[in-house]
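Dear colleague,

Please find below the structure that I am handing over to you. I would be grateful if you would look through it before reading my notes.

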Amino acid sequence: MDILMRNFTNVHDIGNLQQALKEAFEIKKERFKYVELGRNKTLMMIFFNASLRTRLSTQKAATNLGMNVIVLDINQGAWKLETERGVIMDGDKPEHLLEAIPVMGCYCDIIGVRSFARFESREDDYNEIIINQFIRYSGRPVFSMEAATRHPLQSFADLITIEEYKKVERPKVVLTWAPHPRPLPQAVPNSFAEWMNETDYEFVITHPQGYELDPVFVGKAKVEYDQLKAFEGADFIYAKSWAAYTGDKYGQVLSMDRSWTVSDRQMGLTRNAYFMHCLPVRRNMIVTDDVIESPQSLVIPEAANREISATVVLKRMLQSL
Ligand code: CP
């Protein structure tokens, strides 16, 4: 029986994770099995922000399913868009998102949107005002290619990767903050936590004081401020930098402490853990050359699984049209 999915923005949209994983492994064995499903259907991919993996893997997934693909980079070649309602448009933005969205919807069957947190207002970011306007006004099914608070295609690929490499039924998975020179959104760590909380893995989050994530995403995870203690006995280390979430520090870099950079010093405390990162990664800020180049590094298989997670999601959306 086909599983219906209108939109895909978070873990709850995918439903039963075991079923989703079963479909992922089926597609991994035979990735063109559903090539007829997307015949004469068009995917529109809309990027407000840059991308390498999401752009390529989602386009490949659509090709696996026989779809046509249109890619639009909003900041390159399209009119600059006003996103606030009520603004007197006498500035440098000649088109409003409220007209642009339904127009885009006229030319496709499914829309993917990438729109990062802007760090201007936590309320706006956490209300997901951009992707929610696409859901409301496009008239089309919409999926997230990383929104302000979540990156579900990445998290699904991460889950597939952990399932492929785990050596014990209930591995210890540690999400660790790492330093970065620029403030990065919380979308990847939020989303990873959201998906890990739906598994029965032992899940630990470690970060310096001040980098607490939204409790909605932390859920039942154990928070450990001592990174070395968190790494003890870990089977998977998932590194990511993020800017502060709490209070008036929202969107700020609070620390550049390179003792948090993942190196052999911390990895030596684990149970020969695998290293994971969504990429792109800044070497010797987030992780040392030695760790990312080691046989335990899963960054490339993780990226490869982005094609699989996107194929499952698009397949379900096509089956729901
Ligand atoms: N991991 C990820 O989403 O990569 P891109 O930003 O390159 O798409």
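The notes below describe the surroundings of the ligand and then the cysteines.

Please bear in mind that this is a predicted model.

Let me begin with the ligand. The space that the ligand takes is the largest pocket. The residues around the ligand are Ser 51, Leu 52, Arg 53, Thr 54, Arg 114, His 151, Gln 154, Cys 278, Leu 279 and Arg 306.

Gln 154 has a side-chain N or O atom 3.0 Å from a nitrogen atom of the ligand. Arg 306 places a polar side-chain atom 3.1 Å from an oxygen atom of the ligand. Taken alone, the ligand exposes 260 Å², and the protein buries 93% of that area.

I turn now to the cysteines. A disulfide is a covalent bond between the sulfur atoms of two cysteines. How many disulfides does the structure hold? The number is 0. The cut-off for a disulfide is a pair of cysteine sulfur atoms within 2.5 Å.

Is Cys 108 buried or exposed? Cys 108 counts as buried because its relative accessibility is 3%, and a residue is called buried under 20%. Cys 278, one of the residues around the ligand, is also buried, with a relative accessible area of 9%.

Yours sincerely

Conventions: Residues are numbered from 1 along each chain as its sequence is written. This is a predicted model: local features need pLDDT of at least 70, side-chain atom pairs count only at pLDDT 80 or more; totals for chains, interfaces and linings use all residues. Side-chain values use heavy atoms; hydrogens and water are left out. A residue is near a molecule or strand if one of its heavy atoms lies within 4 Å of it. A polar contact is a pair of N or O atoms within 3.5 Å; within protein, one must be able to donate a hydrogen and the other to accept it, and residues adjacent in sequence count only if both atoms are side-chain atoms. Accessible areas come from the Shrake-Rupley method with a 1.4 Å probe; for residues, only the protein chains shown count as cover. On a 1 Å grid over the protein atoms alone, a cavity is a set of points where a 1.4 Å probe fits but cannot get out, and a pocket is an open set with protein on both sides within 12 Å along at least five of seven lines; lining residues have an atom within 4 Å of a point. A molecule sits in a cavity or pocket if more than half of its atoms lie within 2 Å of its grid points. Buried means under 20% relative accessible area, exposed over 50%, partly exposed in between (1.4 Å probe, protein chains only).
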